[in-house]
Amino acid sequence: MTFVPGLALARRFHDEVVAPLLARRRPGLRYAAGLLDGGSELLGLDTARSTDHDWGPRTQLFVAGPDEVGPVRAVLDAELPAEFLGWPARFAGGPDVRLGVVDADGDRHGVSVDELGGWLRGRLGFDPRTGVGVADWLATPTQRLAELTGGAVFHDGLDGALTAARGRLAWYPDDVWRHVLAAAWTRIGQTEHLAGRCAEVGDELGSRVVTAGLARDLMRLGLLLHCRWPPYAKWLGTVFARLPAADPVVDALSRALGPDGWSERQAGLVGALETVAGWTNDLGLAAPVDPAARQFHGRPFLVLDAGRFAAALRAAIGDPALRARLPVGAVDQYVDNVDVLTDPQRVRRIVAAIPSD
């Protein structure tokens with residue numbers, strides 16, 4: 001079969017199959033439809049390789065009230081076709097993450113039905129239509145935000161409610177943005193000197209490991225500076241490299257992570273650090289800071305002294321409660337366990353436990 005990008009396949013499945021079926025069997029139903037729940041297709045990064053699991057024509061439907069969920073599901077279970085454009089639309093047996101709506105015959109199909117508010121609370125831990133507070137922002141992993149603001153809406157017959165929810169999640173308020181950026185620079189400042197020290201004592205492997213961690217943090221920071229939600233590890237490099245200004249940093253980090261010794265590694269790191277520091281100044285969110293690297297306490301290796309940028313950003317935060325928070329940022333800046341980050345209640349408990357300075 002010819003590969004069809006997942007979002008295009010889902011849109012056609014909704015427009016050509018699901019919408020006509022609902023118009024015929026549930027006339028007057030108010031609903032929204034889209035694809036916002038996860039998967040490479042939401043970022044436009046799926047390929048033919050993606051079709052080997054959790055794949056097929058699928059759509060998410062959102063209704064206004066919980067009493068409408070069951071009747072709509074019954075219609076879909078009974079009348080969705082077995083295939084669409086040559087792709088199976090019903091699946092028998094086996095584990096699955098997204099294609100998991102089981103009909104009366106024990107088959108699965110890829111059309112979910114949820115009450116919108118309940119789905120948002122289950123996905124995020126809150127309903128953004130009623131507002132997004134500081135704690136909500138800090139407890140929401142950027143991968144989840146990338147999914148909910150990426151993907152596509154195919155139909156919004158709930159008076160624009162789904163579109164409004166996505167709009168509320170488009171980007172951080174400036175003070176939250178400053179806090180998250182400050183946390184990123186704080187993290188870099190805590191490790192940027194370690195790669196040189198490892199190399200100085202002959203620990204090339206350790207130096208490379210530290211450098212790789214810094215590269216990851218710099219790419220995530222670079223995306224945040226360009227108002228892009230950092231995705232999870234599989235797509236971090238791909239999404240970062242698509243930034244219009246990314247080429248110098250990609251080249252510098254490739255040099256830092258290449259096969260050569262400490263001299264080349266340091267040159268690459270310094271180039272990347274200074275460029276991302278310049279991006280930070282360009283935003284105007286805080287007083288500008290000298291982006292030039294300098295020696296670390298007179299030792300023979302260079303650092304940015306990234307804490308300077310963190311301090312400038314924190315000083316510019318207007319909300320005193322946010323300015324007083326421990327500078328760890330959003331939850332996925334200090335937690336990377338998948339089982340935690342995919343459970344909104346767990347992450348909200350963690351964020352609530354973070355003290356002020």
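Reader: How are α7 and α9 oriented relative to each other, roughly parallel or roughly antiparallel?

Author: Two packed helices are described by the angle between their axes together with the distance between those axes. In this predicted model, the axes of α7 (residues 174-191) and α9 (residues 204-225) come within 10 Å and cross at roughly 165°. Angles over 145 degrees count as roughly antiparallel, and α7 and α9 are therefore roughly antiparallel to each other. Their crossing is left-handed.

Reader: Which residues of α7 and α9 meet?

Author: From α7, the residues are W177, V180, L181, A184, W185, R187, I188 and T191, and they meet V210, L214, R216, D217, L218, L221, L224 and L225 of α9. Sorted by class, this contact has 12 nonpolar, one polar and three charged residues.

Reader: Turning to a loop, is L158 buried or exposed?

Author: L158, which is found in the loop between β8 (152-156) and α6 (161-168), has a relative accessibility of 8% and therefore counts as buried. Leaving aside residues up to four places away in sequence, L158 touches R30, Y31, A32, F62, V63, A64 and L116. Between L158 and A33, which are 125 residues apart in sequence, the C-alpha to C-alpha separation in space is 9.7 Å.

Reader: Where does pLDDT stay under 50?

Author: Where pLDDT is low, the predicted coordinates should not be read in detail. The protein chain averages a pLDDT of 93, with 96% of the residues scoring at least 70, but over residues 93-97 the pLDDT stays under 50, and the model has five contacts beyond four places in sequence for these residues.

Key:
Residues are numbered from 1 along each chain as its sequence is written. This is a predicted model: local features need pLDDT of at least 70, side-chain atom pairs count only at pLDDT 80 or more; totals for chains, interfaces and linings use all residues. Side-chain values use heavy atoms; hydrogens and water are left out. pLDDT is the predictor's confidence in each residue, from 0 to 100. Contact means heavy atoms within 4.5 Å. Axes are lines fitted to C-alpha atoms, for helices over the stretch in contact, and angles run from 0 to 180 degrees between N-to-C directions. Helices (H or I, at least four residues) and strands (E, at least two) are DSSP runs, numbered from the N terminus. Angles under 35 degrees count as roughly parallel, over 145 as roughly antiparallel, 65 to 115 as roughly perpendicular and the rest as oblique. A crossing is left-handed if the near helix is turned anticlockwise from the far one by less than a right angle, and right-handed if clockwise. Ala, Val, Leu, Ile, Met, Phe, Trp, Tyr, Cys and Pro count as nonpolar, Asp, Glu, Lys and Arg as charged, and the others, Gly among them, as polar. Buried means under 20% relative accessible area, exposed over 50%, partly exposed in between (1.4 Å probe, protein chains only).
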